[in-house]
Amino acid sequence: MVRVLQALAAEPARWRYGYDLGVEVQLKSGSLYPILVRLADRGWLEATWESGPAGKPPRHLYRLTAAGREQVAALAAVRVNAPPTSVVPRRQLTGT
Amino acid sequence: MIVLEVALILGSLAVGSSLVLRRRSAGRSSHPQSMDAPATLLTWAVGFLAADREQWGQAMLGELEHLEQRPTRWRFALGCLAATLLVPPGQGDARRLVGALVSAASLASAGLVSFALLRYPGIVTGLGTWLALTTFAAVLLGFTLFALLLVRRGAAAGLGLACGVAVAVVWIVVGVTVVNSAKARPVFSLLLLALPLAALVAGGAGTWHGRTGAAGRKTALLTGLVAGLVLFLVVAASTLLTAGGPYDAGLVRDFPTSGLPDLATYAVSDNLGTAMALLLFASTVTAVLGCAAASVIARLRRDRTAA
């Protein structure tokens, strides 16, 4: 969910297609859509329809609401203020 | 002549059928993309989404129609198939469900008491009984209306229902354990601490879910109402199933002075009174402690954010 929020917050004014967003955050549609639904339920995501070319159905577009942008900002602030933890490089953890 | 008529009828049917089939196949061929296997699969899958999630199904279908590569279409459709199972139910559905369940629970409670009055008419001993029954009916009506109001005002319906049932289960398990075992092993009395603890957890969960104290308090109130109703239903139903048994020594001792016609009537009357008291007591305790926990946790969250 955080990755989706961050991707949407990178260009908050821009409307995104679901498929493109999934590719960007490397999430399959099975994971992406439940996240989008939860974000919309919390009022952090707004959606609109874009009428497609002739013979194609309309396409759903998404972007963060003001509340969603605030949430991303709060999330970033929490991460900045969080006490430093002992970071172990991934290679050491996995032994590779 | 008959042969000619039959041939004409069959011929007309054949021509008509072929025209209809040709028109249908022409209709299909004008949307070849929308009828491929991934689209068919996804159209079928989104049909299972709740009514208030319908637009998400349309969003998935719309997105699929803009994908050209067949493997990509398959991957996307299969992912969306999983998504239709993982999409959380809409609040609208949960609200309707909880509203219907609370109403049904109230009706069932009234039904159980009505059945008890018919089965054990000796329960009614005078004006006091009718006053108690009228109060009980008013409480049930109040509970139902208050629950519906809470749900309409945005209480987390699903969470309130789950917490209410969980709190009722805790009360039943603790109650049965303490009543049956606390005399032999007094340490079991400590289990009574689980009753306020369950209410506190429910209030905390409401605030955690709704992120504000107000949301947590609404959930705590709904939890209290549901817990009281579930508790009443369980106690009243088990009483009627067992004719108020098993009869303990105290019940047998007090029966002669009760003025009731038989021991079963006395036991059922006694247990229904206990169930009605539990309905009010468990609901009040759960709601009050839950609201307190919701407010405290919201305050702690605010303080932590401010710090």
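Guide: In helix α1 (residues 2-10) of chain A, the buried residues are V4(A), L5(A) and L8(A) (buried: 20 or more other C-beta atoms within 10 Å of its own, exposed: 12 or fewer, with C-beta atoms placed from the backbone; helices are DSSP runs of H or I, at least four residues, and strands of E, at least two). These residues lie on the same side of α1(A), because they cover an arc of only 100° around the axis. V2(A), R3(A) and A10(A) are exposed, on the face of α1(A) turned away from its buried side.

This is a predicted model, in which local features need pLDDT of at least 70 and side-chain atom pairs pLDDT 80 or more, while totals for chains, interfaces and linings use all residues. Residues are numbered from 1 along each chain as written, with chains lettered from A and ligands numbered from 1 in written order.

In chain B, helices α7 (residues 157-181) and α8 (residues 194-210) pack with axes 9 Å apart, at an angle of about 170°. α7(B) is therefore roughly antiparallel to α8(B) (over 145 degrees). By class, the contact of α7(B) with α8(B) has 13 nonpolar, two polar and no charged residues (Asp, Glu, Lys and Arg count as charged, Ala, Val, Leu, Ile, Met, Phe, Trp, Tyr, Cys and Pro as nonpolar, the others as polar).

Between the chains, 15 residues from chain A meet 17 residues from chain B. On the side of chain A, α2 (18-25), α3 (29-41) and β3 (59-64) each give two or more residues. The largest share, six residues, is from α3(A).

How values were computed: Axes fitted to C-alpha atoms, helices over the stretch in contact; angles between N-to-C directions. Parallel < 35°, antiparallel > 145°, perpendicular 65-115°, else oblique. Contact = placed C-beta atoms within 7 Å. Arc of directions from axis to C-beta.
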